[in-house]
Amino acid sequence: MIVHSLEALTLGCHYIAEIPSLVASWHVQIPLEGNLLAQNVTDPDVIGQMQRAFKNFIESGQVWALIIGLVVGYGFRSLLP
């Protein structure tokens, strides 16, 4: 049992030693383009979007599903060790 553990440990150390070369090879393969960070904002009203999303959350009844899920989940949690 100890021999298998030591073999697994040395094998894991071997892979850990190769991580920097793997990351370096990934860096070479990642295409870098100028428009990678560009975005087109059509509606800059972030607060209004959040208000509409919350209103939809309430009106669609998803809030009840959340509350019921929390209560049932807490009930299962209290039953399990």
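Which backbone nitrogen does a side-chain oxygen of D45 reach at the start of α3? I looked it up, and the nitrogen belongs to G48, with the D45 oxygen within 3.2 Å of it. For polar contacts I take N or O pairs within 3.5 Å; within protein, one atom must be able to donate a hydrogen and the other to accept it, and residues adjacent in sequence count only if both atoms are side-chain atoms.

**Ground rules.** I am working with a predicted model, where local features need pLDDT of at least 70, side-chain atom pairs count only at pLDDT 80 or more, and totals for chains, interfaces and linings use all residues. Residues are numbered from 1 along each chain as its sequence is written, and side-chain values use heavy atoms, leaving out hydrogens and water.

**Whole chain.** I find four helices and zero strands, in the order α-α-α-α from the N terminus. Helices are DSSP runs of H or I, at least four residues; strands are E runs of at least two. Of the 81 residues, 2% are buried (buried is under 20% relative accessible area, exposed over 50%, partly exposed in between; 1.4 Å probe, protein chains only).

**Helix α3.** I checked residues 46-59: these 14 residues should span 20 Å at 1.5 Å a residue, and the end C-alpha atoms are 20 Å apart, which agrees. The expected span is 1.5 Å times one less than the number of residues. R52 sits in this helix and counts as partly exposed because its relative accessibility is 46%. I see R52 touching D43 and D45, not counting residues up to four places away in sequence (contact is heavy atoms within 4.5 Å). Just after α3, G61 has a positive phi of about 85°.

**Helix α4.** How many of the 18 residues of α4 are buried? I get one, so this helix lies largely in the open. F76 lies in α4, residues 62-79, and counts as exposed because its relative accessibility is 53%.
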